[in-house]
Amino acid sequence: MDASQLQQVEALCETLYTGVPTKMGDATITRQEAQQRLLSLQSSPEFIPQCQYILDTSQSHYARLVASNSLIELVTVHWNNYTVPQRVDIRNYVLHYLGVQGPTLPDFLTLSLVKLVCRITKLGWFDDPAHREMVDEVTKFLSATIGHCILGLKILNLLVDELNIPSSGRTLTQHRKTSVSFRDVALLKVFQLGLTTLKQLQSGAIANADNRQQAELGLQSLSLVVRCLNFDFIGTNSDESTEDVGTIQAPTAWRGLIADSATMDLLLEFYAKTEPPQSSKAMEALILISSVRRSLFPTDKERAAFLSKLIDGIRKLLLNRTGLNHQDNYHEFCRLLGRLKANYQLNELVKTEGYLEWLELAANFTQQSLENWQYSTNSIHYLLALWARLVAAMPYVRAEAGTRSHADHLKTQVLSVVQTYITSMLQSVPTVLQNGLDDPLEDDGSLKEQLDRLPVICRFEYSAVATMILDKFDPLLTQYRNAVTTLGTNATSAAPENVQQNVAIIEGQLTWLVYIVGAVVGGHSWSTAQTEGNETIDASLSRRVLQLAQGMDYRLTSSQGQGRADRKLEEALLFYFQNFRRVYMFMWDQVSGNGSSNATENIVSMMTSKLDHAAGGPSTKQQIYLRMFDHLGMGDHSEVSNLIITKMGNNLKYWPEDDELIGKTLELLHDMAQGYSSSKMLLTLDTVRYLTSHHTEEHFSFLLTSNPKHRTTFHATLTRLLLSPSGEEKLAMTLEQFLEPVITKMTQLNAMSPADLRQEQCRMPLIGVLRDLRGITSSLHNRKTYGQLFDILHPHHLPLLSKIADVWADQNDVAISLLRFLHEFCSNKANRVNFDQSSPNGILLFRCTSDVVCAYGRRLLAMPPLSPNDPELYKKRYKGLSLALNILISSLGGNYVCFGVFDLYQDRALDNALDVALRLALSVPGDDIQSYVKLSKAYFSFLEILFRNHRNAVFSLETTVFMQIMTAIHDGLQASDATISAFCANSIDHLATFYFSNAQKDRPEVRSLNKHLQAQPNLFSSLMSTLFNLLLYGPPQNHWAVMRPMLSLMLASEPSYTAYKTHLLSTQSPENQAKLSEAFEALTADVTRSLDNTNRDRFTQKLTAFRMAVRGFLTL
C-alpha cells in the first residue's frame, strides 16, 4: 500500500463513519459502497501488512479503527493460517502500539485495539507460554504513567470479558477449556490487581493524578473487581439479561482475599467516599462478594464472622443513609438487601450481632422507600423480596434462645411494612392525578414483580393484614356506591369536574386494593399445612371484591354501557378473577357431585376423593373449599362463578373498542375453558349458554370493532366448551346449531355474483365469517368433530372459498383471513383429518385447497410487481404468498390424500396446485427470500416436501428453473437459522438419495435429472464443497443439519468427494496434509455403500470426530 492508496482508504473511512459521500474520479462513493470496498480488507490474511501500514502511517482515527477491526476479523477467521511465532508477533506489535500511542488515542479506537489483543490471547492461550503471561505484560502498563495505568485496567477488563464469554467459531468445550485455564492461571492475579489499585487510590499512593483520572482509575478498578467476581467459574452462570445474582463459585484460592475484612472495608469505604458511577459499582461488588458460595469458608465460625461484618456494614449504611440519595446507589443497595437472605439462612442471620437493629433499620428503610414510591418504583420489588424470603424461612428457624423474640420482632416489622405499602400505594393515586406523574399501575413489569412477592408477606400474619385491607376497602366501597348512586345512569365524564376527580381517586385506590386482594388470595397454597382457617379470610376479602364487581356490573348494564368504570379497575378485577379461578375453581366437579358425565370420569373422581380422604366423607380440601364459599355469603360456587362470567360477558358487550381489555377478558375465558373442572362448571352457567347462542355482532359489537383476532379466540373458546364431554347436552345445542349464524351468512354470500361479492359492504362479513371459522376449526382435536364440520361445510359452502380468493385476492385483510382459515382447516394436527377408507373426503378437501391456492396464486402473479423499497412489501405480497405455501405444505404432508389418484384419473388439481405454488416461489427474488424469515421458512419447507414426495414436479422443470431452485437451496443451506438450513439439507438428502438409488434405472424422473446434471455437471461437487465447508468452518447450530445429506451425496457422486478431498489437501502444508489424509481415511473406514439408518448413524458419528480432529490444525 502506498500513500495514494492510503489516502483513498482514509476517504472511504470518512464516508463510512460520517455518511458524507466522497468523490473518487468521476464516481461518488456512498456509505454503503464505502463499506463494501473496505470489507475487502477482511477477506484474506494477505491484507495484514496493509492493516499494519494503516495503523503505523495514517493520521485518521477512522482509518485506524477499520484497520483494527479488520485485524480482529482476520485473526478470528484465519487463525490456523498463522504459525505460533506469527501470532505472538502480531500480539506484541499491537501491545507495543498501545504502549506508544494508546493513552492519546480516542476511546473507540483504543477499545478495538484492546479487543484485538484479547482475542489473540484467547485463541492462542495454549499455543505459547507468552499468551498465558499476558497479565504480566499488562502489569507493566500499571506501573507506568497514569494514562498507561488506565489503559492497562481497560485491557484487563476486556481480557476477563473475552475469556469469560463464548465467541462464535469455537465450541463450548474449547471455550470452557480456555476459560478454566485462565481462571486457574491468571484470574486471581487480575482480581488482586484491581483491589491493589483501589487501595492505592484510597491511600493517595497514586501521585500526579487529577480528579478526572482518579475517577477513571476508580471506575476501571471497580469494574475489574466486578468482572472477576462475575466470572463463570464452573460454567453455570445465570442469564445475563436478568439482574438476579446466583451463588458466586469463587475458587478456594480466593478465600484469603474474600474473607479478609479489609476487602469489604475497602469497598464500603470506597462506596462512602465516591459518587456514582464509582459508588454504585462498589455496591455491585459488595453484592457479588456477599453471594460467595457457602463452602468457601472452612468453618461456620468464619462464615458467621463474614456475615457479621456484612450486616454491620449494611447497618451503618442504613443508619447514616450514606449515598442513598443517588438513584443508582439506591437501586444497587436495594439489590444488596434483596440478595442478603437469598444467600444466607435466617437461622444464621438471627445469630448475628446487631441483627434486631438491622431488621428494624431495614424495615424503616423499606417504609421510607414505599412512602417515596415515585423515586423507587423499579427497586421496591427487591425490598419486598427481602421480606418475603425472611417470612418464608420462619418455619425453618431452630427453636433456640432468642428466636422467639426475633419472631415477634419480625412480625411487628412485617406488619409495619405491609401497612406502609398499602397506605403508600393508595396515596399514590391522588398524587399521580394532581401532579401528572407516571402511574405505577401502568408499569406492568414493576407491578407484576411487586404482586408476585406480596402473598408470602401478607399471609405471614394474614388475619392482621386482612384487617388492614378491609379497613381501607370498606369505606372506599361505601364511598364508591354513594358516588355511583349520585351519577345514576350517566357517564362519569358527564359529571362536574370535582365529581370526576373524586370518582377517579376512589376507582384508582380500589384498583390497588383489588390487585392486592387478587395477589394474596392467589397465594393460597393447598400443599402447606397452615392453610386451614385462611379460607375464611380469603372469603372475607373476596366478598368485597365480588360485591364491587357486582355493583360495577349493575351500573354498566343499567346504563347500557354508559356507566363504565376506569379501565385499570376492570383489569384489576380480571387479575383477581384469574387468581380466584386458579385457587378455588378446580374442585367443582368433586364437590357438586355431578361433574362427571361418564363411568370413567366417575371412577377418576371417586379415586381422587378416596386418596384425599380414605375414611369417607369430604376430604380436607373439600371441607376448606365448601367452608370458603359458605363464609363468602354470595351463594355456592356456581352462583359465584356465574357472577364472574357475567361480568366478563358484559366486558365483551360494553367495552367493544378497548382491544386490551377485550383481549384480557377473552384470555381469562379461554383459560377457564381449558381447565378440567372449571370447564365443566362453565357448562352449567346461564351466561355461557347465552354466549353460545348469541355469538354474533348484533349482541357483541366487539366482533366488528375490535381486533379481528379476538373473533378467532372467542369462537375457539366457545367451540372448546361446546365439544367438551357432555357439552352439547348441557348447553342444549349441537355444533350444527352453533354454526347456524355462520352458515346463514355464508349462504347469503355464496348466492351473490362475483361483482356483488366484491362490494365494500361484504368486506367485514367475509372477514368475520373466516375468522369465526378459523377459531372453530382450531378447537377441533379429533376425527369425529372435524368430520362434523367438514360435513356441514361440504359441498354447499366450500366453493365460496375459491370464489373469495378470486374476487378479493388484492385486498390483504380479506385474503389473509381466508388463507389463515384454510391453513387451519387442512392442517392434520392430532390426526383429526382421518376419513373412512371408502370416503372421498380427503380428495375433496385437497380439491378445495387446490382451487383456493390456484385462484389466489394466479391473481397474485398477475398483479404488477411492487417496488423492492416498499415498506409494506411483506404485508402486501409475501405474507399471503407464505400462507399459500404453508397451506400446500400442510395438505401435501397431511397423510390424508392418496395423490396418485389425481394422475390416475387425469385430475389436474394436484398439478395445478404445484404449478401455481412453484411459480409463486420462483417469483420471489433471492434477496427477499433471505430477508423475511417467515417467507424463507415457508419457501424452503415447500421445496423440501417437493423433493421428498413430488420429485417429478421439480425434475420436469426447465434446467434454468431447476438450477434457480438449487441455487436457492445452496444459499439457504448457509443461512444462520438452523431450521432453514435443515430444510435445505433435507432437500439435498432427498435428491442425492433418489439419484443413488435410481441412477441405473430407466425412469422419466431419472432421465429428467440426468439432463439437468449434464447441463450443470458441477452441481453435486458444489453442494459437496459447501457442506464440508459448513461442517469445518460453520457455526455449531448447523452441524447436525449439514451432516445428514453428506453420506447420500458422497455415494451419489464419489468424484465430487474425491475432488473436494484433493482440493483441501492442496491448500495445506505438508505437515498438515499427512494429518488430513489420515483423518479422511478414518472418516470412510467401515462405511458401506448403503443408506440404511445404521450406516447413516455410524457415518454421522465419524463426521463429528472428523470435524473435531481437523479443526485443531486446518488452515483456510
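This is a predicted model: local features need pLDDT of at least 70, side-chain atom pairs count only at pLDDT 80 or more; totals for chains, interfaces and linings use all residues.
Close-up 1. Thr22 counts as buried because its relative accessibility is 15%, where buried means under 20% relative accessible area (1.4 Å probe, protein chains only). Leaving aside residues up to four places away in sequence, Thr22 touches Ala11, Thr15, Ala27, Thr28 and Ile29, with contact meaning heavy atoms within 4.5 Å.

**Close-up 2. Domain 1 meets domain 2.** Here we turn to domain 1 (461–593 + 619–634) and domain 2 (635–727), with bounds from an automatic or database domain assignment. Their contact takes 33 residues from domain 1 and 32 residues from domain 2. The C-alpha centres of the two domains lie 20 Å apart. About 2,800 Å² is buried between them, 66% of it from carbon and sulfur atoms; this is the accessible area (1.4 Å probe) lost on putting the two parts together, summed over both.

**Close-up 3. Salt bridges across the interface of domain 1 and domain 2.** Five salt bridges cross this interface, each a side-chain nitrogen of Lys or Arg within 4 Å of a carboxyl oxygen of Asp or Glu. Do look for Lys647 and Glu570, whose side chains meet in a salt bridge at 2.7 Å, N to O. On the side of domain 1 that touches domain 2, α25 gives the most, with nine residues (helices are DSSP runs of H or I, at least four residues).

**Notes.** Residues are numbered from 1 along each chain as its sequence is written. Local features need pLDDT of at least 70, side-chain atom pairs count only at pLDDT 80 or more, totals for chains, interfaces and linings use all residues, and side-chain values use heavy atoms, leaving out hydrogens and water.

Key: Buried means under 20% relative accessible area, exposed over 50%, partly exposed in between (1.4 Å probe, protein chains only). Helices (H or I, at least four residues) and strands (E, at least two) are DSSP runs, numbered from the N terminus.
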